[in-house]
Amino acid sequence: MALKYHLVRRPDLRKTASEGDTLLFPQVRTSDRISFRDLCEDLSHLSSASPPDVSCVLRGLLYIMRRELRKGNVVELGDVGNFRMTAGSKGVEDPEEFHTSMFKRPRVVHSPGVLVKEVAPKVSFKKVDVKAVDSTCDRPHAI
């Protein structure tokens with residue numbers, strides 16, 4: 001399967017660009033989603049666990065990940081990769097000037113493992129047409 005994309009016109013931010021110039025940039029579009037229930041069902045077919053058992057384990061994993069990330073720990077998930085928390089802030093000249101309110105919103109960073117990284121080089125791309133906005137839908141979308 002190929003990743004679907006469409007072209008979006010955005011401002012040209014190059015130093016040589018004139019005011020109002022634009023360029024076309026590709027924007028990857030998601031095709032569909034797999035629900036948590038379907039994921040548990042699919043995983044159950046690959047093991048001896050039932051879908052509710054898989055769901056229980058995944059919910060337990062999420063509970064532990066949240067707990068460990070809040071502690072500032074790295075959560076290692078083998079070939080899936082590692083998860084960690086990070087937060088940027090403004091800089092100060094003197095350590096006395098720094099206070100925790102200067103932190104930006106913390107976020108979770110995922111560093112993919114070997115098997116997840118292998119997916120990216122094998123991806124192909126397919127252009128999709130974007131249907132114009134109409135009365136039944138107020139957002140442009142792919143056909």
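This report looks at a surface patch, a pair of helices and the salt bridges in a predicted model.

## Before you start

Residues are numbered from 1 along each chain as its sequence is written, and side-chain values use heavy atoms, with hydrogens and water left out. Since this is a predicted model, local features need pLDDT of at least 70 and side-chain atom pairs count only at pLDDT 80 or more, while totals for chains, interfaces and linings use all residues.

## A nonpolar patch

Ile34, Phe36, Leu39, Leu43 and Leu46 make a nonpolar surface patch of about 460 Å². Patch residues have over 30% relative accessible area and no salt bridge; nonpolar side chains (Val, Leu, Ile, Met, Phe, Trp, Tyr) are joined within 5 Å, and like charges within 9 Å. The areas come from the Shrake-Rupley method with a 1.4 Å probe, and for residues only the protein chains shown count as cover.

Take a look at Ile34, which sits in the loop between strand S2 (22–29) and helix H1 (36–45). Helices (H or I, at least four residues) and strands (E, at least two) are DSSP runs, numbered from the N terminus. Ile34 counts as partly exposed because its relative accessibility is 48%; buried means under 20%, exposed over 50%, and partly exposed in between.

## Two helices crossing

Now find H1 and helix H2 (residues 51–70): their axes come within 8 Å and cross at roughly 115°. Axes are lines fitted to C-alpha atoms, for helices over the stretch in contact, and angles run from 0 to 180 degrees between N-to-C directions. H1 and H2 are therefore roughly perpendicular to each other (65 to 115 degrees; under 35 is roughly parallel, over 145 roughly antiparallel, the rest oblique).

## Salt bridges

Side chains of opposite charge can pair when their charged atoms come close. This structure holds three salt bridges, each a side-chain nitrogen of Lys or Arg within 4 Å of a carboxyl oxygen of Asp or Glu. One of them joins Arg14 and Asp12, at 2.9 Å from N to O. Asp12 counts as buried, at 10% relative accessibility.

Which residues are linked in a network of salt bridges? They are Arg67, Glu68 and Lys71. Glu68 pairs with Arg67, the closest N and O atoms being 3.0 Å apart, and Glu68 also pairs with Lys71, at 3.3 Å. Glu68 is buried at 17% relative accessible area, Arg67 is partly exposed at 38%, and Lys71 is exposed at 55%.

Technical notes: Buried means under 20% relative accessible area, exposed over 50%, partly exposed in between (1.4 Å probe, protein chains only).
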